[in-house]
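Have the structure open while you read.

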Amino acid sequence: MACKLGGCKTIVAVGLTGVLCTVLGGVMIFMVPQLIRDQILQNVKIDPSTLSFEMWKEIPIPFYMSVYLFHVVNTEEVLKGKKPYIQERGPYVYREYRQKHNITFHENDTVSFLEYRTFVFQPHMSQGLETDYIVMPNLLVLVSSMMMEHKPMSMKVLMSLSFSMFSQRAFMNRTVGEIMWGYRDPMIDMLNKYFPGMLPFKDKLGLFSELNNSNSGLFTVFTGVKNFSKIHLVDKWNGKSKLNFWHSDQCNMINGTSGQIWAPFMTPEYNLQFYSPEACRSMNFEYERSGDFKGIPTFRFVAPKTLFANGSVYPPNEGFCPCMVSGIQNMSTCQFNAPLFLSHPHFYDADPVLLDSVIGLHPSKEKHSLFLDVHPVTGIPMNCSVKMQLSLYMKSIPGIGQTGKISPVVLPLLWFEERGAMEGQTLTTFYNRLVLIPKLMQYLQYILNALGCLFIVITLILIIKNQRTPSAALSEGPNPKSDQLPSSQTPLLQDDPQDG
């Protein structure tokens, strides 16, 4: 029996809704991941039309540099050949501002820029003030002495007399601000006047004097607009496609990005690399674990144990030599032959000999290891902490009385941490666009499939129920009115034969 008009319409409507939801959910399963991928690819490219361009141009993430200086307690004993005893002072915290200038796009799918950095002291975040006095090695004396080690004795004696004339000693007592950002000295002025170009600095000597209000060189990186496979990779630095500081082609390679963003869609096998002008080399990091940062999934990358290993421990690092014990990198070839060394703070992960030669160091993975937490889908860092230590190799140089009887030692000068974490409105926008919306779309496709299946089941139930209704009506028994036959069908009463 045919269904009633209203019932048929209901069944058709429910059925069509179920089919529509199922088809739409199925389409979303295949289309949504591709749409999200295309959206991410479009927005991580370096192009003024993309949403991320302003973020790339001026990083909205607040960066801080925390500096820890090593105060030498027993300078007189060190001059007599004793082991140095140092105390860590700080942190002295600086807010770091970064902004790109001279942005120029090129026809070969690259863009060049200069990134300027400015540091502003943060007293409320620091354990001390820039006016604090610290006793540290006098770089002017000790570096110059090491550079004169193999010169004729007459030249060394003449240098020693010059030091005495200007009251220069092996150790100095200077303020944090002077050590960091530079100080003037009569001997420096004299050398720059009569021997121009001899010193690598103009008028002030400071460990970070060349960093403030300056740039790290001209970077040229691939935009990813035409060739996405090279996105953010460094093409050239200061016009060079490779370095000339080191002694092997591998060590002179400029690998990875400029250290601010990486290619999207990372896997745990991804080898995270970036070029650091301050370290004069490319650095690589390896995947450690998955995690999340304030609800955003991340991959944590850390430094491999081979990062500062010497050539005997890790042969590919042979090009960074001449090497000393493992765990420190010789920076002399890119630091005007100054005997400076780069390592993890407190000689973490380095040869124990380095730790034993100085009193006052306490390496710790929690405090002194570095990490980068990167959102693997976009390649954008969420939380990072890069820590490095700068040390000076010093010893007694015959003919230069200021060096006394100093025993050969790699003495830590300072270590610093550059850290940044996405927060505030930037974090909220990032989470909503790149985490929440894709997650909601993923849930929506499952909801549509579930609703589609539910409506289809309801449609089948309605069809079955509608088909069974007429049969059920017939099976309920005869109609009460049918018990009384019509008069035309009522049999005539016959007389009883006995009534005759």
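**Notes on the predicted model**

1. Let's begin with helix H4, whose buried residues are Leu139, Leu140, Val141, Leu142, Val143, Ser144, Ser145 and Met146. The helix runs over residues 139–147, and because 8 of its 9 residues are buried, it is largely enclosed by the rest of the structure. "Buried" here means under 20% relative accessible area, with exposed over 50% and partly exposed in between (1.4 Å probe, protein chains only). Helices (H or I, at least four residues) and strands (E, at least two) are DSSP runs, numbered from the N terminus. At the start of H4, a side-chain oxygen of asparagine 138 comes within 3.1 Å of the backbone nitrogen of leucine 140.

2. A word on the ground rules. This is a predicted model, with residues numbered from 1 along each chain as its sequence is written. Local features need pLDDT of at least 70 and side-chain atom pairs count only at pLDDT 80 or more, while totals for chains, interfaces and linings use all residues; side-chain values use heavy atoms, with hydrogens and water left out.

3. How many aromatic pairs does a search of the whole structure find? There are 19. Rings of Phe, Tyr and Trp (its six-membered ring) pair if their centres lie within 6.5 Å; planes under 30 degrees apart count as stacked, over 60 as edge-to-face and the rest as tilted. The rings of phenylalanine 119 and tryptophan 181 are a tilted pair, because their planes are at 35 degrees, with the centres 5.7 Å apart. Phenylalanine 119 lies in strand E3 (residues 110–121) and tryptophan 181 in helix H6 (residues 176–181), so this pair ties together parts that are 62 residues apart in sequence.

4. Stay with tryptophan 181, which is buried at a relative accessible area of 18%; phenylalanine 119 is buried too. Tryptophan 181 also forms an edge-to-face pair with phenylalanine 208, at 6.3 Å centre to centre and 65 degrees between the planes. Here the link runs from helix H6 to the loop between helix H7 (186–194) and strand E6 (214–222), where phenylalanine 208 is placed, 27 residues apart. Phenylalanine 208 is buried, with a relative accessible area of 5%.

5. There is also a ring cluster to look at: Phe53, Trp56, Phe105, Phe113, Phe219, Trp237 and Tyr275 are linked by ring pairs.

6. Next, charges over rings, counted if NZ of Lys or CZ of Arg is within 6 Å of the ring centre and within 35 degrees of the ring normal. Arginine 98 has its charged end over the ring of phenylalanine 63, 4.6 Å from the centre. Arginine 95 lies over the face of tyrosine 64, at 5.6 Å from the ring centre.

7. Is histidine 71 buried or exposed? It counts as buried, at 13% relative accessibility, and is found in strand E1 (residues 63–72). Its side chain reaches the backbone nitrogen of valine 135 at 3.1 Å. For reference, a polar contact is a pair of N or O atoms within 3.5 Å; within protein, one must be able to donate a hydrogen and the other to accept it, and residues adjacent in sequence count only if both atoms are side-chain atoms.

8. Some backbone details deserve a look. The peptide bond from glycine 90 to proline 91 is cis, with omega near 10 degrees, and proline 91 is found in strand E2 (residues 86–105). The bond from cysteine 321 to proline 322 is cis as well, with omega near 20 degrees; proline 322 is in the loop between strand E10 (296–302) and strand E11 (329–330).

9. Which residues other than glycine have a positive phi? Aspartate 109 has phi near 70 degrees; this residue lies in the loop between E2 and E3 and is buried, with a relative accessible area of 8%. Asparagine 238 has a positive phi of about 55 degrees. Asparagine 238 is found in the loop between strand E7 (234–237) and strand E8 (272–276) and counts as partly exposed, at 39% relative accessibility.

10. Finally, glycine 420 lies in strand E15 (residues 409–421) and counts as buried, at 6% relative accessibility.
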